[in-house]
Amino acid sequence: LSYRVMHMEMDGMRHGTDRVSSNKVFGSDGGYTVTPKDMQMTMQMLGAMYALNDKLTFMLMANYLDIEMDHRINPGMAGNMLRMANGGKHSFDTETSGIGDTKISALYKFYDHENRRAHLGLGLSLPAGSIDEKDSIPVMGVGQVNSALPVSMQHGSGTYDLPPSLTYRQQFEQWSYGVQASGVIRLEDENDEDYRLGHKFDLTGWASTNLAEWISFSSGLSYNYTGKIDGDQKHVGQGPTMAGINTVTTAYEDNTGGERIDTLLGVNRLGTSGAREGHNLGIDIGVPLWQNLNGYQLETDWTLTVGWRKAF
């Protein structure tokens with residue numbers, strides 16, 4: 001059994017590999033009326049694994065998300081009416097929370113020789129998470145409206161997805177290393193909101209050393225690729241007077257997807273006796289070294305994961 005909490009902080013806009021100001025997003029290069037300022041996401045993950053035998057393990061993972069995003073309204077003439085609808089304020093927040101998609105999968109150990117092992121993972125991600133979340137936002141000529149929120153504020157993909165993985169690990173007496181390739185393949189052309197999230201690919205390499213029987217440290221690097229969504233959410237944040245005007249950056253497929261390289265650091269504490277025996281506590285932090293994002297997007301600052309695991 002496992003329970004993990006992952007928190008991600010995003011702050012500031014990026015265009016390609018460059019950080020850009022809000023004024024750049026609002027200016028002639030971007031021409032948007034609203035831009036995100038920052039975003040926080042917390043995901044709670046509850047998992048269960050059952051080993052049918054030495055080679056085959058089944059897994060179930062459910063999660064719950066809390067997401068908050070702060071926005072800034074264009075301070076120029078283009079944002080006048082929207083600021084009026086927002087009570088004269090230059091910013092507003094949106095929040096959502098709820099159950100995310102559920103994953104069922106299996107791990108098959110197809111190679112086991114001396115201190116080397118390799119696993120193949122295959123399963124299915126079920127669209128349990130909501131994709132029609134709404135919150136109160138300002139709309140020109142209307143005021144505050146309970147409107148549809150963009151992809152980044154939704155809880156799931158809205159499609160059945162395939163999450164394959166391939167993992168190799170070698171264990172020595174005091175240290176180990178491994179590499180894992182994984183991804184998400186969208187199995188449907190579009191969801192009920194007429195868009196489809198982009199495919200994903202991740203490659204992670206790590207090394208871990210045991211300082212004692214009960215504690216280990218790890219470090220590594222990860223590469224993440226996310227494809228663009230297929231289909232704009234042009235209804236997001238738009239009222240009847242907004243036709244033909246670029247609203248919030250997160251509503252457009254050109255501002256989705258990209259690449260990122262993170263450095264990873266972690267520590268794990270294993271209970272070896274008494275009531276703590278078999279309990280594993282871990283903390284992992286990831287910090288981006290490089291980001292190349294499509295269009296105008298919030299950049300990731302850091303992620304922190306705290307987890308508990310109990311083996312029987």
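## Terms and model

A residue is called buried when its relative accessible area is under 20%, exposed when that area is over 50%, and partly exposed in between, using a 1.4 Å probe and protein chains only. By this rule Asp 189, with a relative accessible area of 66%, is exposed. Accessible areas come from the Shrake-Rupley method with a 1.4 Å probe, and for residues only the protein chains shown count as cover.

The model is predicted: local features need pLDDT of at least 70 and side-chain atom pairs count only at pLDDT 80 or more, while totals for chains, interfaces and linings use all residues. Residues are numbered from 1 along each chain as its sequence is written, and side-chain values use heavy atoms, with hydrogens and water left out.

## A patch of negative charge

Asp 189 lies in the loop between β12 (175-186) and β13 (200-212). Strands (E, at least two residues) and helices (H or I, at least four residues) are DSSP runs, numbered from the N terminus. Asp 189 belongs to a surface patch of negative charge, together with Asp 132, Glu 188, Glu 190, Asp 192, Asp 194 and Asp 230.

Patches are made of residues with over 30% relative accessible area and no salt bridge; like charges are joined within 9 Å, and nonpolar side chains (Val, Leu, Ile, Met, Phe, Trp, Tyr) within 5 Å. Asp and Glu count as negative and Lys and Arg as positive, while His and the chain ends are not counted. The place of a charge is taken as NZ of Lys, CZ of Arg, CG of Asp or CD of Glu.

Asp 194, another member of the patch, is also in the loop between β12 and β13. Its phi is near 70 degrees, which is a positive value in a residue other than glycine.

## A nonpolar patch

A nonpolar patch on the surface is formed by Leu 265, Ile 283, Ile 285, Val 287, Trp 302, Leu 304 and Val 306, and together they have about 530 Å² of accessible area. Strand β16 (residues 279-310) gives the largest share of this patch, six residues. Trp 302 is in strand β16 and counts as partly exposed because its relative accessibility is 32%.

Strands β8 (residues 134-139) and β9 (residues 143-148) run antiparallel and are joined by six bridges. Two strands pair if DSSP finds at least two bridges between them. Ile 137 has Val 145 in β9 as its bridge partner.

The two strands form a hairpin with three residues between them, and Gly 141 in the turn has a positive phi of about 75 degrees. Ser 147 is placed in strand β9 and counts as buried, at 9% relative accessibility. Ser 147 and Lys 228 are 81 residues apart along the chain, and their C-alpha atoms are separated by 23 Å.

## Salt bridges

Side chains of opposite charge can pair when their charged atoms come close. A salt bridge here is a side-chain nitrogen of Lys or Arg within 4 Å of a carboxyl oxygen of Asp or Glu. The structure holds eight salt bridges. Asp 112 forms a salt bridge with Lys 109, with the closest N and O atoms 3.1 Å apart, and the side chain of Asp 112 also meets that of Arg 117 in a salt bridge at 3.6 Å, N to O. Asp 112 is partly exposed, at 43%, and Arg 117 is partly exposed, at 34%, whereas Lys 109 is buried, at 13%.

In the salt bridge between Asp 161 and Arg 186, the closest N and O atoms are 2.8 Å apart. Asp 161 lies in strand β10 (residues 161-162) and Arg 186 in strand β12, so the pair ties together parts that are 25 residues apart in sequence. Asp 161 is buried at 2% relative accessibility, and Arg 186 is buried at 12%. Arg 14, Arg 19 and Glu 299 are linked in a network of salt bridges.

## Other single residues

Glu 114 is in the loop between β6 (102-113) and β7 (116-126). Phi of Glu 114 is near 55 degrees, a positive value in a residue other than glycine, and Glu 114 counts as exposed at 63% relative accessibility.

Leu 65 lies in strand β4 (residues 56-73) and is buried, with a relative accessible area of 5%. Leu 65 and Val 5 are 60 residues apart in sequence, and their C-alpha atoms are 9.8 Å apart in space.
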